[in-house]
Amino acid sequence: TAAVDLSCVWHNLEYMVCRWRPGENASSDTNYTLFYWFDGLKNHKKCNNYSMHQGIFVCIFNLSFPKVTNPYPTIRILIRGDSEEIRPVCASENPTTLVKPATPRRVTLSKINDEIYVEWSESDTFPENCLFYEVEYHNGDLDTTQIIKVENNYTSIPSVDPNSRYIFKVRAKPKPECYSSKLCSDWSEEKSIGEKTDSTFHFVLIIIIPLTVAVSTIILLVYLKRLKILILPPIPDPREILKRMFGEQNEDSQVSKKL
């Protein structure tokens, strides 16, 4: 009946999210309550922000330690049911192993000559020099992805292709010398810069431009020919004129003889 698969994550040194599943033999209407305590608290505290999704209990509570605390004290968690039939579960956690930084925000890209500059906002809840960052980027024309590690909240990518579009995203990780956590933040939203060359568009242009020029040339030649006829009508051939004149005279003489 006891809660199982308890896991907690300390988000951005601000609040903790704990998840667990009900015990196999617990009834479907069993309610669990989470309490926590650490050295420095006079009394244990109760988590009141509960939710349930797809059979998993979730509880969220604010968690901060006095700034003078170093190292962080162990946090103790108790989960018990609303009846004596539910067995309680106790857990002790080193909070530094549960740290997950917030997703980097306000990622900005700028381009100067053949170099791209990337910058993002720093977290204001972590001590200075306790986070490092991973910047993932790739050329929109290629499938290969590159990841670079940086200590600050900015970096630059030199020698980029001026005719390609580049896509970037950033995430934060705790430094081992500050925290024992292996968790990293979620990736930031992708940002892109530059123009991606469209081979299909170029292929269409290669076909359309010569065809358009050819059609335009034919139309122009026909128009010029008609214009030439209007301005400089053809001079009649004298032989044709004489031929028609003698032909008409012969016809007239034959008609006179019949009469």
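Predicted model: local features only at pLDDT ≥ 70, side-chain atom pairs only at ≥ 80, totals over all residues.
The chain has 259 residues, of which 32% count as buried, and its secondary structure comes to two helices and 16 strands. Among contacts with a separation of 6 or more, 63% are between residues 24 or more positions apart.

Now to the sulfurs. How many disulfides does the structure hold? There are three, and counting bonded cysteines along the chain, they follow the pattern 1-2, 3-4, 5-6.

Let's start with cysteine 8 and cysteine 18, whose S to S distance is 2.1 Å. Cysteine 8 sits in strand 1 and cysteine 18 in strand 2, 10 residues apart. The torsion about their S-S bond is about 115°, so this disulfide is right-handed. Cysteine 8 is buried at 9% relative accessible area, and cysteine 18 is buried at 0%.

Next come cysteine 47 and cysteine 59, with sulfur atoms 1.7 Å apart. Cysteine 47 lies in the loop between strand 4 and strand 5, while cysteine 59 belongs to strand 6. This link is left-handed, with -120° about the S-S bond. Cysteine 47 is buried at 0%, and cysteine 59 is buried at 0%.

The remaining disulfide joins cysteine 130 to cysteine 178, 48 residues apart and each in a loop. At -75°, it is left-handed. Are its ends buried or partly exposed? Cysteine 130 is buried at 8%, whereas cysteine 178 is partly exposed at 25%.

Finally, two further cysteines: cysteine 90 is exposed at 65%, and cysteine 184 is partly exposed at 21%.

Terms used
Residues numbered from 1 in each chain as written. Heavy atoms only, no water. Helix = DSSP H or I, 4+ residues; strand = E, 2+ residues; numbered from the N terminus. Buried < 20%, exposed > 50% of the residue type's maximum accessible area, 1.4 Å probe, protein only. Contact = heavy atoms within 4.5 Å. Disulfide = S-S within 2.5 Å.
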